[in-house]
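Subject: Structure for your review

Dear colleague,

Please find below the structure that I am handing over to you, shown together with its sequence.

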Amino acid sequence: EKSTVVITGTSSGVGLYAAKALAATGKWHVVMACRNLEKTQQAAQTAGIPQDSYSIIHLDLASLDSVRKFVQDFRATGKSLDALVCNAAIYMPLLKEPLYSPDGYELSVATNHLGHFLLCNLMLEDLQKSSAAEPRLVILGTVTHNPNELGGKIPPRPDLGDLKGFEAGFKAPQTMIDGKKFEPVKAYKDSKVCNVLTMRELHRRYHESTGITFSSLYPGCVATTPLFRNHYPLFQKLFPLFQKYITGGFVSEELAGKRVADVVTDPAYSESGMYWSWGNRQKKEGKSFVQKVSNEASDDAKAEKMWELSAKLVGLA
Ligand code: NDP
């Protein structure tokens, strides 16, 4: 009997190749949680993922109803949940005006953070029922969450402030977690800070009582994924070259996917509460290490406040 992993956002990029790597072990059945079923089916086929090693269930992370429906649909399959990978994200750096989710929240924070926050909270129950020795919950982070690291220095910097926007209910005219003016690049970075805070708070609240391993990782700069599809065409052309030849941060989608798969399965990554990185410059046979998260992402009081307010926004509290 194979173990089951749910991965969000496998229609392209890191998620697709993480699915491929996990399927290739022969020990994992991958449940692809995606908003576009046809595109996902096509991508899985093109990537050569064996048909009998995965299934696709609809999930639109921007919609809280859809997250709840996904959890019901997953449970109806009767599969046990042994690992959950929160990977999907949107990045829309050129937006002039904010977009809103069906629930009325700024779209990138709604998708990247709030949808995953609800998903993690609901699926904790499923992970606890797993017969795996050590179920895992992995959330994708990014270097851009951390202004202390080379790759995170380019402004605007993430800053949740006192979470005034969340406190005020996070509906228009609120568009930013800190309650300030809309800035789409910062909104993405803020959402990724929330991803790391969520992982650390899950660890603090539930690791001991459940035995679940909670972790995050920065897989390297995967400059060729469609994550940058909403950027200037010239940026899309130059960014991979810049990462390859100048910063040395470039990582292929295949390698990034393999790194995610390792964090899901390899005994080397069994410690909970960790944020893994392979560094900003890729070296041949480069080894992973525990990376310190940003000051904001290591602030326990902020984690707790973020948790309480997010719980309200997704209807858990
Ligand atoms: P991609 O754009 O290739 O993949 C994003 C995935 O998320 C797609 O499958 C997309 O589906 C899905 N998605 C977007 N919105 C939703 C939604 N509302 N509901 C369900 N699925 C959705 O990006 P990457 O592979 O580059 O990024 C994956 C993760 O890796 C992200 O968390 C990102 O922050 C992280 N990361 C990426 C880095 C990079 O350099 N690329 C660096 C560090 C971290 P659809 O096809 O339908 O749009």
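The protein has 9 helices and 8 strands. Please bear in mind that this is a predicted model.

I begin with the overall form. The C-alpha atoms fill a box of roughly 50 × 50 × 35 Å along the principal axes. For 317 residues, a compact globule would have a radius of gyration near 20 Å, and the protein, with 18 Å, agrees with this. Of the 317 residues, 56% are buried. Among the contacts with a separation of 6 or more, 74% are made by residues 24 or more positions apart.

Helix α8 covers residues 253-265, which is 13 residues. From its first C-alpha to its last, α8 reaches 18 Å, close to the 18 Å expected at 1.5 Å a residue. Which residues of α8 are buried? They are Glu-253, Ala-256, Gly-257, Arg-259, Val-260, Ala-261, Asp-262, Val-263 and Val-264. What covers these buried residues includes the helix α1 (13-24) and the strands β2 (28-34), β4 (83-86), β5 (136-140), β6 (213-218) and β7 (274-277).

Yours sincerely,
A colleague

Terms used
Residues are numbered from 1 along each chain as its sequence is written. This is a predicted model: local features need pLDDT of at least 70, side-chain atom pairs count only at pLDDT 80 or more; totals for chains, interfaces and linings use all residues. Side-chain values use heavy atoms; hydrogens and water are left out. Helices (H or I, at least four residues) and strands (E, at least two) are DSSP runs, numbered from the N terminus. The expected span of a helix is 1.5 Å times one less than its number of residues. Buried means under 20% relative accessible area, exposed over 50%, partly exposed in between (1.4 Å probe, protein chains only). Contact means heavy atoms within 4.5 Å. The radius of gyration is taken over C-alpha atoms; the globule rule is 2.2 Å times the number of residues to the power 0.38.
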